[in-house]
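I opened this notebook to record what I looked up in the structure below. The entries follow the order in which I looked.

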Amino acid sequence: MLIDGVFSGGGLKGFALVGAYQVLEEQGYRFRRVAGTSAGAIIACFIAAGYTAKEIEEMLEELDMTSLLDPRRTILPFPFMKWLGLYWRLGLYQGKALENWFLEKLAAKDVYTFADVVPGSLKLIASDLTNGKMLVLPDDLADYGIVANNFPIARALRMSCGIPFFFEPVKLRVGSGDTIVVDGGVLSNFPLWLFDKKERPVLGLQLTRSQEKQSGYPINNALQLFEALFSTMKNAHDERYISRKHEKDIIFIPVDGFSATEFDLDEQGKETLMEIGRNRTTQFLKTW
């Protein structure tokens with residue numbers, strides 16, 4: 001059965017999306033159009049490039065997640081230099097290793113730019129902080145004087161996955177200045193609205209907290225304030241859009257106890273997340 005799919009962001013919790021995709025593929029569902037933010041953008045891109053669920057699982061099992069963390073080298077090896085670099089560079093890690101990994105894996109399927117996928121089949125969300133607006137890639141690239149078909153998908157992915165303060169923002173050269181672009185989750189972590197004009201059934205896969213933990217965020221210090229702030233930004237826009245009409249087409253995948261930036265996640269943690277995705281999707285398909 002041909003469907004369209006929208007995948008939410010969630011950082012390393014996105015392993016649960018891989019498990020969900022495995023079940024969907026086993027049950028005969030095939031995606032014609034895909035969209036996503038951050039971790040969801042990664043899954044969407046790999047599907048659009050032609051990867052099977054098994055190939056994605058094997059690819060992630062082989063990956064040393066910590067190899068994607070690439071702090072800038074400093075002349076003085078003092079811990080405070082890391083935080084000084086954050087002030088000037090706007091992120092703890094460069095993000096080059098992450099983008100190079102995307103490039104390598106997409107190139108293995110002969111996918112480099114948006115010209116290498118079916119037109120309209122892939123849409124990613126990023127956030128333009130300079131101009132204060134959401135970016136739908138590749139659709140909005142023309143507004144920046146960029147030819148969409150020539151734009152690397154790996155770079156678009158890097159933009160969508162640029163967790164603020166964790167990875168350095170992507171700088172798009174526009175005219176004589178730079179446009180600062182970060183994680184799409186700042187403005188829309190679950191862009192189900194992208195496929196409002198249904199051409200076929202649309203299935204959403206959303207990483208969530210379990211219902212019993214929806215009471216609120218504890219805010220007793222600055223770190224908890226930032227977490228609550230970022231979580232609110234990620235979810236507020238999309239939760240207003242989702243109605244009872246849409247809920248029946250969404251697989252809600254609770255991923256409590258895991259962090260979006262848990263790059264030292266062990267094999268057991270990865271498997272646990274994928275199993276959550278498998279179980280939730282199996283249950284959902286019984287009535288969808």
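Entry 1, the nonpolar core. I worked from a predicted model. I began with the largest nonpolar core, which has 72 residues. The members that touch the most others are F7, I56, L122, L124, L137 and M159. I then listed the contacts of L122, leaving out residues up to four places away in sequence. L122 touches V34, A44, C45, A48, F114, V117, L137, P138 and I153. I also found a second, separate core of eleven residues, with V6, A35, L192 and V202 among them.

I noted nine helices and ten strands. Of the 288 residues, 52% count as buried. The accessible surface comes to about 14,300 Å², and carbon and sulfur atoms account for 54% of that surface. Among contacts between residues at least 6 apart in sequence, I found that 77% join residues at least 24 apart.

I looked up A148 in the loop between β5 (133-137) and α6 (153-160). Is A148 buried, partly exposed or exposed? A148 counts as partly exposed, because its relative accessibility is 21% and the buried class requires a value under 20%. Beyond its neighbours within four places in sequence, A148 is in contact with F114, P138 and L141. P138 is ten residues from A148 in sequence, and their C-alpha atoms are 5.6 Å apart.

I recorded 16 salt bridges in the structure. One of them joins R155 to E99, with the closest N and O atoms 3.1 Å apart. This pair links distant parts of the chain, since R155 is in helix α6 and E99 is in helix α5 (residues 96-107), 56 residues apart. R155 is partly exposed at a relative accessible area of 28%, whereas E99 is buried at 17%.

I next examined K248 and D249, which form a salt bridge with the closest N and O atoms 3.1 Å apart. K248 counts as exposed at 51% relative accessibility, while D249 is buried with a relative accessible area of 11%.

Which residues are linked with R278 in a network of salt bridges? I listed K54, E57, E271 and E275 alongside R278. R278 counts as buried at 15% relative accessibility, and E275 is partly exposed with a relative accessible area of 32%.

Definitions and conventions. Residues numbered from 1 in each chain as written. Predicted model: local features only at pLDDT ≥ 70, side-chain atom pairs only at ≥ 80, totals over all residues. Heavy atoms only, no water. Core = buried A, V, L, I, M, F, W, Y, C linked by side-chain atoms within 4.5 Å. Buried < 20%, exposed > 50% of the residue type's maximum accessible area, 1.4 Å probe, protein only. Contact = heavy atoms within 4.5 Å. Helix = DSSP H or I, 4+ residues; strand = E, 2+ residues; numbered from the N terminus. Areas by Shrake-Rupley, 256 points an atom, 1.4 Å probe, with all protein chains shown as cover. Salt bridge = Lys/Arg side-chain N within 4 Å of Asp/Glu carboxyl O.
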